Number of protein chains: 2
Amino acid sequence: MGIKKERGFKRLALYSESLKKVLENINAVGFEVIPVDSSIGRVLFEDIYSGVDVPPFDRAAMDGFAVRSVDVTGASETNPIRLRVVGEATTSKEFTGSVGELEAVRIDTGARMPEGADAVVLLEDTDYREGYVDVYRSVSKYSNVSLRGEDIKRGQLIFRRGHFLHPVDVAVLRSLGLGSVKVFRKVKVSLASVGSELKDIGEELKPGEIIESNRIMVSGVLSKWPVEIVRSVILPDDPVSIRNFIDVSVKDSDLIVTTGGTSLGKGDIITDYIYEVGEVLFHGVALQPSKPVLFALVNGKPFIGLPGYPVAAAISTYMFVEPAILKMAGVRGLKVPSIVRGRLVRRVASKLGMLQVVRCSVRKVDNEYLVEPVYASGAGVLSSLSRADGFLIISENIEGYDAGSMVDVIIYRDVIGYGEDL
Amino acid sequence: MGIKKERGFKRLALYSESLKKVLENINAVGFEVIPVDSSIGRVLFEDIYSGVDVPPFDRAAMDGFAVRSVDVTGASETNPIRLRVVGEATTSKEFTGSVGELEAVRIDTGARMPEGADAVVLLEDTDYREGYVDVYRSVSKYSNVSLRGEDIKRGQLIFRRGHFLHPVDVAVLRSLGLGSVKVFRKVKVSLASVGSELKDIGEELKPGEIIESNRIMVSGVLSKWPVEIVRSVILPDDPVSIRNFIDVSVKDSDLIVTTGGTSLGKGDIITDYIYEVGEVLFHGVALQPSKPVLFALVNGKPFIGLPGYPVAAAISTYMFVEPAILKMAGVRGLKVPSIVRGRLVRRVASKLGMLQVVRCSVRKVDNEYLVEPVYASGAGVLSSLSRADGFLIISENIEGYDAGSMVDVIIYRDVIGYGEDL
């Protein structure tokens, strides 16, 4: 069988070891400076310290009356204390005078505290009449006041390098008065689906040809991370096209991802070329379904070859490419898994020695989640991916789970069905 | 205190009832037809049936040799059966001849099965020599073959109306040969932050003024759903600006969302105007922190007024605006909550009768998640939102949880820290 048989899948690497090998051989990208308003979903390249106090001034934390707390000592329902109202302070118009003995200023939440006042009596604890207010409850000093720097002090560490920016974080950056921010630049990815049988939508299909569907899936899964797809092409099984794609992508991309052409078939020209020009770090993983994954460095650039069958391509995207992107994008921390614990409605078997990824549909019925394995022939796409919601991952040393077992399913969707079935 | 005191927060609506009221008074938007490749994150307006068989022809599910299963009956390690290899079939070049008695064709995964053959013997179960192959294992009919229509039959229901499209689903739509798809159009949202004290980045701050930060947060949280932000403005507390914003937004938007100006303060001009021109369905919710939420219909268009304090604005965005968007966008199903169960490191108290939303940071330490409530004065933004990862929601009838309790936290981030603290 020649060279391919020799380098074949006789020794399958464990998933954990192969992922480790990927992560050890890639590095985070450099930085760029971008407007804060464009930074949602980006990763901080620098620690962020506050340059300001927040709030920047003492302000009312509730609607009511700004008072001198000493004036309302002992005020109660039965013993109201009457203060003279000398003005009002809103967020749009501050009170520029001063609050003296037995005086009060009508104040809105967020408005700057007037000089002299040190507390706010809540609106509901007062009765306001023409020019006067009767206070029915005492307040201590600084009650219902947000003090300058109370939330954040100037110089305080807000976010560390590597922080993945959520919309609330970007709101925080704005509040600090930052107009721009230094982030890891996007990871440049070149993507190809390999196979002469693959056609694009709109092209005429000859016998044996099918419509390509992997590129949109891989790029779609990666799109929640800071990724720039440099090119996304269909490559025929033709040495010249394949060499050109690899050669140009090695020059202008941080990561090259292909689907198809990594098994032991005879038409696997891309695998041959990667063996020729690159250093193959593993080829073949004990992962079902997704065995023929290939990882190599070509001129130092990481190349991940995924299987062509769409289900295997999807699973290996989640298992290899996404963790690689997170490291290259500079993300510090743990991707939050969206896990649903539910009851398995039928038995699943697994092969010892292989990490098994079982596509499952998850439905909420009454107050319980039901987990149903979705079977399909091999790694055929449609009937499995379109009916599944997530993955049940079965370790190498477990032979499967019986019906009725409680299992954790890693959900890849944002929305799942609700007690319904297709 | 006049009209505002009367319509005030004396009767707070329960959260569940007020959300129900929002959902009862909004409707899904109409449809548009878009290219399939732009449909990730969109919602199907129509049921999708397959117009094709998948796979479209019988094909090899593994690399190996296409054979007549009857020819290899009884083949074993000790009793190999020798077949004559008459050609090869790859995904790029099918074998156009026929497989006769004791003949085989070298075949790649995905390649069309040649006429006459009805099974594939795996490569590893053979020994290939010049022109011949020795088969060491028998196969039954259709072994390692994906039959035409096996995954999906022409006419089969694939997705229902209301399905939120994940990248794998779009790959499926492509495989079906669909070039375009009918989806719910995006929900048009007009957004305003109300308050004369609010300035944009780059503007000079006078005493009492602060930088606006709510719009990016609200639109950022909604951006994972099919939403088009029609306008996103800062409105001063000025009746003319506010009337203009409402009047134009009612005409060209599906939903109007404002932050600020919904409490009982004196400068709440937007609330006055909504009471004047709209039908207020509730104002004030037993939700902490986020009491002053207002929901109204203005000329039949839904208006959601959120509190101005950033933490309250963020919480009410998740609690009211996001569920409203899901219904208006036509989504059928359940948003998958990203829940982490962890151990509370200190006691949290809650007020009976209020639904309490506690911001918490979550860290993984050893094999356990630790949940730490993040306190800040009132609903001040920075020190709480930037340090929290999710919400612990405490029902109206629970007074709090003791340190050491196991609690569920709804994570709003994609990435959380890993055993580290700021």
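Two strands are taken to pair if DSSP finds at least two bridges between them, and helices (H or I, at least four residues) and strands (E, at least two) are DSSP runs, numbered from the N terminus. On this basis, strands β17 (residues 255-259) and β21 (residues 301-306) of chain B pair in the parallel sense over four bridges. Thr259(B) has Leu306(B) as its bridge partner in β21(B). The model is a predicted one, in which local features need pLDDT of at least 70, side-chain atom pairs count only at pLDDT 80 or more, and totals for chains, interfaces and linings use all residues. Residues are numbered from 1 along each chain as its sequence is written, and chains are lettered from A and ligands numbered from 1 in the order in which they are written.

The β17-β21 pair of chain B belongs to an open sheet of six strands with mixed pairing, in the order β16-β13-β17-β21-β20-β18. At the edges stand β16 (227-235) and β18 (279-283) of chain B, each with a single partner strand, so one side of each is left without a neighbour in the sheet. Direction ignored, neighbouring strands of this sheet are turned by 15° against each other on average. Axes are lines fitted to C-alpha atoms, for helices over the stretch in contact, and angles run from 0 to 180 degrees between N-to-C directions.

Two helices of chain B lie across strands of this chain. Helix α6 (residues 269-277) of chain B lies across β13, β17, β18, β20 (294-298) and β21 of chain B and runs at about 45° to β20(B). Helix α4 (residues 214-222) of chain B lies across β13 (187-194), β16 and β17 of chain B, at about 155° to β13(B). Burial is assigned by counting other C-beta atoms, placed from the backbone, within 10 Å of a residue's own: 20 or more for buried, 12 or fewer for exposed, and partly exposed in between. Eight of the nine residues of α4(B) are buried, so this helix is largely enclosed by the rest of the structure. Among them are Ile216(B), Met217(B), Val218(B), Val221(B) and Leu222(B), as well as Arg215(B). The buried residues of α4(B) pack against β13, β16, β17 and α7 (310-328) of chain B, and also against α3 of chain A.

With contact defined as C-beta atoms, placed from the backbone, lying within 7 Å, 93 residues of chain A are in contact with 93 residues of chain B. Elements that each supply at least two residues to the side of chain A that touches chain B include β11 (157-159), α3 (167-175), α4 (214-222) and α7 (310-328) of chain A. The most comes from α3(A), with eight residues. By class, this side of chain A has 44 nonpolar residues (Ala, Val, Leu, Ile, Met, Phe, Trp, Tyr, Cys and Pro), 20 charged residues (Asp, Glu, Lys and Arg) and 29 polar residues (the others, Gly among them). Of the interface residues of chain A, 100% are also interface residues in chain B, so the copies meet through the same surface. Strand pairing also crosses between the chains: β30(A) and strand β22 (residues 334-335) of chain B pair in the antiparallel sense over two bridges. Here Val415(A) has Lys335(B) as its bridge partner in β22(B).

Domain bounds come from an automatic or database domain assignment. For chain A, this assignment gives domain 1 (2-29 + 186-328), domain 2 (41-54 + 151-184), domain 3 (59-146) and domain 4 (339-411). The centres of domain 2 and domain 4 of chain A, taken over C-alpha atoms, are separated by 40 Å.

Several backbone features remain to be noted. Most residues other than glycine have a negative phi, and most peptide bonds are trans. The bond joining Val54(A) and Pro55(A) is cis, with omega about -5°, and Pro55(A) is placed in the loop between β2 (48-49) and β3 (59-60) of chain A. In chain B, the peptide bond from Val54(B) to Pro55(B) is cis, with omega near -10°. Tyr142(A), in the loop between β9 (132-135) and β10 (145-146) of chain A, has a positive phi of about 70°. With 17 C-beta neighbours inside 10 Å, Tyr142(A) counts as partly exposed. Asn299(B), in the loop between β20 and β21 of chain B, has a positive phi near 50°. Asn299(B) counts as exposed, with 12 C-beta neighbours inside 10 Å.
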